[in-house]
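Open the model in your viewer and keep the selection panel at hand. Each stop below tells you what to pick and what to look for.

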Amino acid sequence: MTTDEHARWEGLEVRRPGDVPAATPLAWQVEKHTAHNDRLMNCALPADFPYDVERGTAADALAVIALRESIRRDVEHGRAVRVREALELGASWKDVAAALDVDVDEARILLRTWAAGQRNMWLRHEEEGVRPFGLDAQEHAAVLALCERRDEALAPAAAPATEPVKESTRRYAEELRSNPGQASADGHTGWECTAGASLIADATTPGPGRLGTMHAAIYTCPEHRAAAEERITASGYNADVRDAPPGHRWDPWPCGHLTAYKAEALAALGNTPAEAQR
């Protein structure tokens with residue numbers, strides 16, 4: 001998320017959970033909630049309080065209600081994703097149930113119900129002719145296997161391996177590169193690599209506040225990590241490499257794919273000359 005996006009968020013009036021844009025970081029929502037809530041708490045101060053304070057209004061109270069509901073939904077939506085991730089990283093069902101404060105059977109039902117919804121969403125998208133999102137047949141079977149796994153058969157913890165790039169994802173990446181968007185444009189580094197990208201290398205510069213400015217992101221496999229960092233720093237940006245989110249590891253972008261937010265960044269990091277980006 002960029003500095004401009006954060007500034008727009010700070011100025012956004014929230015009165016309903018739907019006012020919160022999709023993918024807004026929880027930290028931003030909590031920050032806004034805290035500001036409104038602090039003003040409401042000032043209402044309890046005596047009328048002759050000696051210091052100048054800003055007291056809350058009905059608008060603050062409504063914002064707190066809406067933000068709490070948005071945060072609750074985001075946290076609720078992520079429960080099953082984190083359960084799946086914990087199990088894949090070596091946690092036992094007993095550990096997961098304890099973390100959820102439920103019994104093991106309830107924890108299994110939670111993951112199984114989520115998997116069914118994700119599989120149905122994938123099938124619905126296929127029927128509608130759009131890029132599928134959710135769980136394909138293989139992924140769905142893997143989650144169901146987790147649901148049936150016994151704790152005594154638990155394997156040693158290990159990081160999940162990166163899956164190969166799906167043909168549908170490869171075609172979608174090529175489509176993005178051939179049809180640049182208005183807010184961003186996609187390109188490629190030119191690396192001849194067939195691996196899926198389990199890492200994301202962000203190209204940033206320091207921002208005026210706590211947040212830096214995001215210029216581009218290169219999706220890379222571990223073998224090309226050093227090359228991605230070198231390309232970013234050589235172009236005058238800071239390189240920040242992080243693990244791809246779980247969804248990207250299960251359905252990875254092709255190694256070398258990049259998304260840039262300015263033509264200059266695309267030209268600098270991609271294998272296309274600058275004049276071709278204009």
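Start with the whole chain. Of the contacts with a separation of 6 or more in the protein chain, 67% are between residues 24 or more positions apart. Keep in mind that this is a predicted model. The protein chain has 278 residues, and 37% of them count as buried. Its secondary structure comprises ten helices and five strands. Along the principal axes, the C-alpha atoms fill a box of roughly 70 × 55 × 40 Å.

**Stop 1: the sheet**

Show the strands as a cartoon. The five strands form an open sheet in the order β1-β5-β3-β2-β4, and the pairing is antiparallel. At the edges are β1 (185–188) and β4 (238–243), each pairing on one side only. From one strand to the next, the twist averages 25 degrees.

**Stop 2**

Select residues 185–188, the edge strand β1. In a regular strand, side chains alternate between the two faces of the sheet. Which residues of β1 point one way, and which the other? Ala185 and Gly187 point one way, Asp186 and His188 the other, and all are buried. His188 stands opposite His257 in β5.

Next, bring in residues 167–178. This is helix α7, which lies across β1 and β5. Helix α7 runs at about 115 degrees to β1.

**Stop 3: the other side of β5**

Select β3 (residues 213–220) together with β5 (residues 257–260). These two strands pair in the antiparallel sense, over three bridges. Pick out Ala216, and you will find Ala260 of β5 opposite.

**Stop 4: the largest nonpolar core**

Show side chains for Ile218, Ile232 and Leu269. They have the most contacts inside the largest nonpolar core, which has 18 residues. Elements giving two or more residues to this core are β2 (199–205), β3, α8 (225–234), β5 and α10 (263–269).

Centre on Ile232. What does Ile232 touch, leaving out residues up to four places away in sequence? The list is Ala201, Asp202, Ala203, Ile218, Tyr237, Asn238, Ala239 and Leu269. Apart from this core lies another, of 16 residues, with Trp93, Val96, Ala97 and Ala115 among them.

**Stop 5: Asp202**

Stay with one of the residues that Ile232 touches, Asp202. It lies in strand β2. Is Asp202 buried or exposed? Its relative accessible area is 5%, so Asp202 is buried, the cut-off being under 20%. The side chains of Asp202 and Arg242 make a polar contact at 2.7 Å. Beyond four places in sequence, Asp202 also touches other residues, including Met214, Ala216, Ala217 and Asp240.

**Stop 6: Ser235**

Move to the loop between α8 and β4, where Ser235 is found. Ser235 has a relative accessible area of 25%, so it counts as partly exposed. A polar atom of the Ser235 side chain lies 2.9 Å from the backbone oxygen of Arg231. Setting aside residues up to four places away in sequence, Ser235 touches Ala268 and Leu269.

Select Ser92, which is 143 residues from Ser235 along the chain. Their C-alpha atoms are separated by 45 Å.

**Stop 7: Asp101**

Now select the loop between α4 (93–100) and α5 (104–128), which holds Asp101. Check the backbone there. Phi of Asp101 is near 60 degrees, a positive value in a residue other than glycine. Asp101 is exposed because its relative accessible area is 71%, with the cut-off set at over 50%.

**Stop 8**

Finish with helices α1 (residues 3–10) and α2 (residues 26–42). Their axes come within 11 Å and cross at roughly 35 degrees. The crossing of α1 and α2 is right-handed. Which residues make the contact? From α1 come Glu5, His6, Trp9 and Glu10. From α2 come Trp28, Gln29, Glu31 and Lys32.

Note on methods:
Residues numbered from 1 in each chain as written. Predicted model: local features only at pLDDT ≥ 70, side-chain atom pairs only at ≥ 80, totals over all residues. Heavy atoms only, no water. Pairing = 2+ DSSP bridges. Helix = DSSP H or I, 4+ residues; strand = E, 2+ residues; numbered from the N terminus. Axes fitted to C-alpha atoms, helices over the stretch in contact; angles between N-to-C directions. Contact = heavy atoms within 4.5 Å. Core = buried A, V, L, I, M, F, W, Y, C linked by side-chain atoms within 4.5 Å. Buried < 20%, exposed > 50% of the residue type's maximum accessible area, 1.4 Å probe, protein only. Polar contact = N/O pair within 3.5 Å; in protein donor to acceptor, adjacent residues only side chain to side chain. Left-handed = near helix turned anticlockwise from the far one by under 90°.
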